[in-house]
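Please read the sequence and the model shown here together. The paragraphs that follow go through chain contacts, paired charges and one surface patch.

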Amino acid sequence: MSAAIAERMRSLDQTTEDALRPPRYGWAALVAVSLTCIAIGVYSWSLIIRFGMQYTGLNRPVGWGVLITDFVFWVGIAHSGTLISAVLFLFRARFRTAVYRAAEAMTVFGVMTAGLFPIIHLGRPWYAHWILPYPNQRHLQINFRSPLVWDAFAISTYFCVSAMFLLAGLMPDAAALRDGSQGLRRRFYALFALGWRGTAEEWRHHGRAYLFFAAFATPLVISVHSVVSWDFAVSIVPGWHSTLFPPYFVAGAILSGVAMVITLLIPIRRAMKLESIITLDHFDMLSRLVILTSLILTYSYSTEFLLALRAGPGPERDTLLYRATGAFWPFFWLMVLGNCVGPLFLFFKRVRGSLVGLFFVCVLVNVGMWLERFNIVVSSLEHNRVPFDWGTYHPRLVEIGITLGSFGWFFFWFLLFLKLLPAISVSELKEDAHHAALHEAAHAA
Amino acid sequence: MPGIGRRFFLKVVSATGVAAACSPSHAPEKLIPLLNPPENLVPGKPLFYRTVCRGCGAGCGVTARSREGRVVKLEGNPDDPISAGALCARGQAELQGLYAPDRLRGPLARQGDELKPLPWAAALAQLGGLLGKLRGSDGRIAGLRLLSRCEPGSAGAVQRSFASALGAAKNARVVFEPRDLASLRAANMKLFGRAELPVLALSRARSVVSFGADFLETWLSPVEQARGLMAGRGEPDRTRLTWISPRLSMSGANADTWLCTAPGEELQVALELLRWLLDPVNQVAALPPEAAAIRAALPPPRPLRGVSPEQVAHLGRELSLRRPSALLGPPASASGAEGRALAAAVQLCNLVLGNFGKSMQLGLGSELDAPSPEEDLYALLEEARRGEVTVLLLHRADPLGKLPASARVEEALRKVPLIVSLGERLDATARLAHFVLPDHHALESFGDLEPRKGMLALQQPVLSPLWDTRASSQVLLDLAAALKLPGIADKDFRELSKARWQAGAKALGAKLDTPQAQRDVQAQGVVVGHVEALQPALKLDGLAPLLFTKPSPAEGLHLVAFATALANADPEAPGWLREVPDVLTGVSWSSWAELSQATAQRLGVKTGDLLALSTDQGKAELAALISPALHDDAVAVPQDAPELRALGTPGRAVRLERTGKTFPLALTGRASQEGRDLARVIAEGGAPKREQGHEQGRTLVAPHEHPQHRWAMSIDLDKCTGCQACVVACYAENNLPVVGPQAAREGRLMAWLRIQRSVEKGASLEASRVALLPSLCQHCDAAPCEPVCPVYATYHTPEGLNAQVYNRCIGTRYCANNCPYDARVFNWEDPVFVEPLQMQLNPDVSVRSKGVMEKCTFCVQRIRFAEGTARDEGRPVRDGEVTPACVQTCPAQALVFGDAKDPKSRVALAQAESRGYRLLEEVNTLPAIAYQARRGGKG
Amino acid sequence: MTRLGALLAPALLSAAAGCQAGAAPATADSQEVAFSHKTHAGDNQIGCTVCHSYARHSPNAGLAPTSVCIGCHKFVSKDKPGVQKLTAEFAAGRPLTFARVHRVPDHVFFSHERHLAQGVTCKACHGDVAAMARDEKVHDLQMGFCMDCHRQKQATVDCLACHK
Amino acid sequence: MLHEPGVLAVFADPLQAARAVRAAHEAGHADVRAAMPAPFPEVMEAMAQKKSIIGAVTLGGASVGICLGLWLTIGTSLALPISVGGKPVVALPAFLVIIFEVTVLIGGLSNFLGMLIGAFAARRKSFMPHDPRFLRDRIGVFLPGAGESARVLLRAAGAEEVRDVA
């Protein structure tokens, strides 16, 4: 009995430590690729900084394009993590333990990526700090009535809280690794262990703190993407100005986030031999989340359109019809395919069960979600209220380069994380392991 | 805690510390004081000079605003009866002509194949020597010719005396105006014995009919005519305008009726109209005694293709009832016997309707230095080709660049051994010259001219010459002195001109006894005497041959040339005139060829296709543009288009082929308002329909009050002609950069004020209307752009302006997205002002850098200036004292600006007008700008 | 709560008023001639607008044209090397240059005329120049400095008063 | 680092460890200390610790956040009132977003710091011999200042090993 438990725990430690030694060349290659992308992105941005936004495809009337699309996309990606770990924690959903660490990491890096775009897309990024309330001699502060200021606050808060949430969970595992390693590695893990010893006293505080984090993070998740949606909903641009946006965006964010988690976990699981820990049941649960959120999204889309059509002739209707039939109609229908139709296949156990099918659906969702943001941002601006100014927008290389760079940036951090920190929460698994053992004992008896 | 230590923490902290510590620093700059203070120049304060605009023949008086010795803005001279304070787009752009980078910066002389710089003294000495050698025994040069633009003043006098003293031929001096209304001149000569152009008083006309005469763009005196026509607009019984032409041009867009003739059919229509008026059965009242004789001289009627007899009759009836009226035409592009015939027919209609002396005045047009008849010019060229011309002096004349290729000018010029060009820039002709002696720009020179009888306009430099140039007249005087020409005593042109205008002014009854009085007149800019218009006596002889006619042109495409208020098609035009999009087509930076939709469909042509046009004269390639308001048989090309020279004079048949290539036209704006009713048209006497379903001005929060002023504007769509003078004025006043064709294509024009167009398709082609809407920042009380700015870069000032603080802007572009009027403009790149154009920049307005949002400020600098003056004089700001550049320059006076808080102010009254409405009332932004709906035809 | 905020916020604002160093002011040394405001405005009591003659009726205060200097120095202290240099340069038709001490950025439209009309003394911004042998920048002339004075004197704090 | 003598027992099975803890309590050992790789509920219950005060800390932080948010938004807006879009200078609905975010931020920070400080303090005041196994697969129970009786008690509970900490 007792030996069995110890055995389980040991094997858990073993798998984690193995996971920290992923296939060397594959890993290095991926890092190299992401670094290249980052370089491309940095160069592209430098062009904008030096020569102005003329290198983007933006114009009058389309003032926002791919860069803002990327921003919303990455904020969305950043949403599953906290949802999975915090909300499911509060719901005591056990299946979370295996996957939440990776998801949280994704959240943190997602926010780190998203946070860049509000700065990149500025005409004068060197004055980006003016958007923050800091003491200055001008007697002039910032406009708290502007959704962009709300953004600045929401994003930074979200980053801090989810980072601390991640660190709190990491402490015990990092401590274990610390004691198991020497030299630089030891110091590195010591940094994350923050002196953790695993005494009952520490666990006492840790337990409470973790609960509160979950309690904070849950409303935060809702608020952050609501705020992002207000960037659009607060304006009076037809196609943006809608009270539906906050729930609609949150659902979308969760959908894209969970989809991204699945897209990442499937290969990670293979590459790091975590099959024993991240089982098919986990994916099954996650894909149920995908179905749920996708249905909510479908509902939102239809509401948006029905309301616009019921509103009768006018900018609102013109804009939405344009979205579906205008210059970017393929984007719109691809979005519908990815976000509404694709996930429906997950109702079939066969699709849900096969990782290939699941992976495919989730990639499709990711594409669909990016396109959704693009459609909302661009098509509404293309058809604003004055028909004389109706125009079109075509992304330019610079914007594509920066988008590429953002992916590079995200995956660079994520790869580092996989190499250096446990991608699964060992301590919580150990707790489970003990329960499992008890169950077996009960069965045996 | 093992591992993580104090040291690590400190590292992080110090790193941030360093980053914070870095801050830029300027090198100390040097202040360089003046040696001697210039009198009456106060740095930082504007000086105003009165002079004359020489952009076209109209001779509008202008006021030039000068700062620190640089003229930064041109405005109309309020004391001048022609401009009355307004100025057209081309007039505004004279400024860029002055600072044009391609202006000649010093004299050039030919050495071998190329023109090399040469000091003035040397150049004049050489030239004098050469001329001296060429002089014959009688001291004259048989082969000397002087080709000059029209100079109705001292300059012309000097040239005449020079030509007659040195030249032998009787027409040694030929006056050449490519845009002259020669046909009208000729017709007036033949009909009334007066080779002059009429002066129009359209404010007196109740109906105006234009036979394709672009009298609001370039024809005769557009500023004055726009003011005249629009004086009668706005009220219920308004001046009616009928437009008779194959193309609905800008002037046509202001018409209530459009008779869409087949190309070249205007003549027939005019004759039929005349015939109808004279036909006894129509019982037109008060026919003149000559009526019968005229009727006798009329050619037999011919069937009309484009226009129905009913339409003619309808027009005739209107004209016979609504008197006085004014019939205008033909356009400058009309030429030859046909042009003369059309002109004659039009003038006879005026005579029959008794318009002369009322709306149509003869005897006022200046007879000074009238352009020579075409024959003289062609004779000169022929002589040159025969090698009889030995010396050709050109003063601001570019025959090679302006005359059709068929005139074989180059061949002629190559035969001339000595060509001297006295111009501003190295135009086509000047490239062939042996001496290029650059003239001052009009704004740099002294002079005087007689724009019309009983009027004297004084020209004075508003800044010291930018380059090493010299007044042409002075050059001629110097040469005369060097050659000891008999009869030319004067040495100094300025003195000569002064003596001349003072004499003229005295003759007009001006008091000039004291120097102060003389200065006052100079400061006035114009001397206005009184001359009565005369009743012209019709010369019946030769009437029949004059009213020559030919059958309406057959089916098939014909070339039509049209004038535009701007000069987008003219490669030599200044940036403003090229970049500001043509008001009807939205084209900037290139020439184009218009086809009707039907024709385009028939030929399978799309806008942007490169077409090969060919006539019996030659070929040219032009970008196709599908026009919603053009006769199916017409291929319309802007008259500034250089390609037109190859194709020859308009009216001739033209063949079209697709080259398969496309041309990247820079097009701006969609010519439709999708039924959103932004530019409203209402039946005469009716009131505009109000927005339904929401209460106006109702907000959740209390409206904020404006303690002192609430600056507001009112725009009368019934008066706006679409001439875009306001747009160009805005460019000039507010340092708007010219971004060039590429950026224009990408929808990145920087204009703060634009004229939006929308074509309202009617049942027939003729029924389709063009609605124009000047659109600028509406300075909303509840501006959607303001609350979304994170850094307060835009906000609402206590005086009701929607302010944009450039130096605070970080460029989120959120405000632009959220502006329902798309009134905000983003700086996609750093502005470029090619040397020396930067000298024109207005020092009272920031030059914006890349990444910054900008927009109309209601010319806040001008508001501040007026408020400052008022405060210095200890009085409140007067109504009409504050005028943004656009309002100031509007020839039609369609824009009114003022303080809406003052219930008696003109703007407050205008805003209360029954036709008044605000743009996009449904979004409830409470704009400061009120529009007055246009009154559409008979409703 | 509101009132408390109102009370505290300015404190926060002015807290780090100094922390924005901005551009390093041009120093008064490296002047071509050792011009001393102390001698002119101080000891000899020459009014500011004698040399800065435009200050009262223009946004620019203006700098004394060399001829104005000569006007006095034809007679006064001709023995001083600086004055001799001045006379020589003037004779040669070359203006003397002075290192600029006070400057505001291009996007600030400051008007001497308006401020003098409202009775603001030169001292208020330029410090007690009459006591300076070498000019020094006493106030940073940054926005905070202007704002302090404008609020204290209840002058306009509308952005467009200075930025256009 | 402070150091105390006592008896340390190592368990493989959380249930046995819990049993040991309870036994120790019954035997009158008020101060029983433990270390383990995960917060096994049995053991934690047996330890019968008093509730952590982190809740209070976090609540404090959050309320500070609320005040900071109010002060920042309302205060700065009143410091230089600027009219935008005809909206009131103090627009609470808009400010609520900021206030919420600041609240969560400060609350979260204090929560995290509270936890760190709590853990740090615990390490400072009550000594628990460290052993890497306690972070991996073993549970340590430590009775400070105990003697032979404790050793017996712990062995009885099923400890794998029991040793004195001098």
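Across the interface of chain A and chain D, 18 residue pairs are in polar contact, both residues of each pair being at pLDDT 80 or more. The structure is a predicted model. On the side of chain A that touches chain D, at least two residues each come from α1 (2-19), α6, α8 and α16 (426-444) of chain A. The largest share of that side is supplied by α8(A), with 17 residues.

In this interface, 60 residues of chain A meet 64 residues of chain D. The size of an interface is often given as the accessible area that is lost when the parts come together. For chain A and chain D the buried area is about 5,500 Å², and 69% of it lies on carbon and sulfur atoms. Within chain A, the residues that lose the most area to chain D are Phe144(A), Arg145(A) and Arg197(A), which together account for 15% of what that side buries.

Charged side chains also take part. Side chains of opposite charge can pair when their charged atoms come close. Between chain A and chain D there are five salt bridges. One salt bridge joins the side chains of Arg10(A) and Asp137(D), with 3.3 Å from N to O. Both residues belong to a network of salt bridges that also links Glu7(A), Arg138(D) and Glu160(D).

The next interface is that of chain A with chain B. Here 57 residues of chain A are in contact with 58 residues of chain B. Together the two chains bury about 4,800 Å², of which 55% is on carbon and sulfur atoms.

How many salt bridges are counted between chain A and chain B? The count is three. A salt bridge is found between the side chains of Arg396(A) and Glu746(B), at 3.0 Å from N to O. There are also 36 residue pairs in polar contact between chain A and chain B, with both residues at pLDDT 80 or more. The elements of chain A that give two or more residues to the side touching chain B are α2 (24-51), α6 (147-179), α7 (183-193), α8 (200-233) and α11 (315-325). Of these, α6(A) gives the most, with four residues.

Salt bridges can also be followed within chain B. Over all chains, the whole structure has 94 salt bridges. One of them is formed by Arg65(B) and Glu733(B), whose closest N and O atoms are 3.3 Å apart. This pair links distant parts of the chain, since Arg65(B) is in strand β3 (residues 61-67) and Glu733(B) is in helix α23 (residues 725-733) of chain B, 668 residues apart. Arg65(B) is buried, because its relative accessible area is 10%. Glu733(B) counts as buried too, at 1% relative accessibility.

A salt bridge also joins the side chains of Arg500(B) and Asp448(B), at 3.2 Å from N to O. Arg500(B) is in helix α17 (residues 493-507) and Asp448(B) in strand β18 of chain B, so this pair ties together parts that are 52 residues apart in sequence. Arg500(B) is partly exposed, with a relative accessible area of 30%, whereas Asp448(B) is buried, with 5%.

Another salt bridge of chain B is that of Arg915(B) with Asp716(B), where the closest N and O atoms are 2.8 Å apart. Arg915(B) lies in the loop between α28 (906-911) and β38 (916-917), and Asp716(B) lies in strand β30 (residues 711-716) of chain B, so the pair ties together parts 199 residues apart in sequence. Both Arg915(B) and Asp716(B) are buried.

Ser445(B) is in the loop between β17 (435-436) and β18 (447-449) of chain B. Is Ser445(B) buried or exposed? Ser445(B) counts as buried, because its relative accessibility is 8%. Its side chain reaches the backbone oxygen of His441(B) at 2.8 Å and that of Ala442(B) at 3.3 Å. Apart from neighbours within four places in sequence, Ser445(B) is in contact with His440(B), Gln459(B), Gln460(B) and Pro461(B).

The last stop is the surface of chain A. A nonpolar patch of about 900 Å² is found there, and the residues that make it include Leu295(A), Leu334(A), Phe347(A), Phe359(A) and Val367(A). Two or more residues of the patch come from each of α12 (329-341) and α14 (355-382) of chain A. Phe347(A) lies in the loop between α12 and α13 (349-353) of chain A. With a relative accessibility of 49%, Phe347(A) counts as partly exposed.

Conventions: Residues are numbered from 1 along each chain as its sequence is written. Chains are lettered from A and ligands numbered from 1 in the order in which they are written. This is a predicted model: local features need pLDDT of at least 70, side-chain atom pairs count only at pLDDT 80 or more; totals for chains, interfaces and linings use all residues. Side-chain values use heavy atoms; hydrogens and water are left out. Patches are made of residues with over 30% relative accessible area and no salt bridge: like charges are joined within 9 Å, nonpolar side chains (Val, Leu, Ile, Met, Phe, Trp, Tyr) within 5 Å. Accessible areas come from the Shrake-Rupley method with a 1.4 Å probe; for residues, only the protein chains shown count as cover. A salt bridge is a side-chain nitrogen of Lys or Arg within 4 Å of a carboxyl oxygen of Asp or Glu. Buried means under 20% relative accessible area, exposed over 50%, partly exposed in between (1.4 Å probe, protein chains only). Contact means heavy atoms within 4.5 Å. Buried area is the accessible area (1.4 Å probe) that two parts lose on being put together, summed over both. A polar contact is a pair of N or O atoms within 3.5 Å; within protein, one must be able to donate a hydrogen and the other to accept it, and residues adjacent in sequence count only if both atoms are side-chain atoms.
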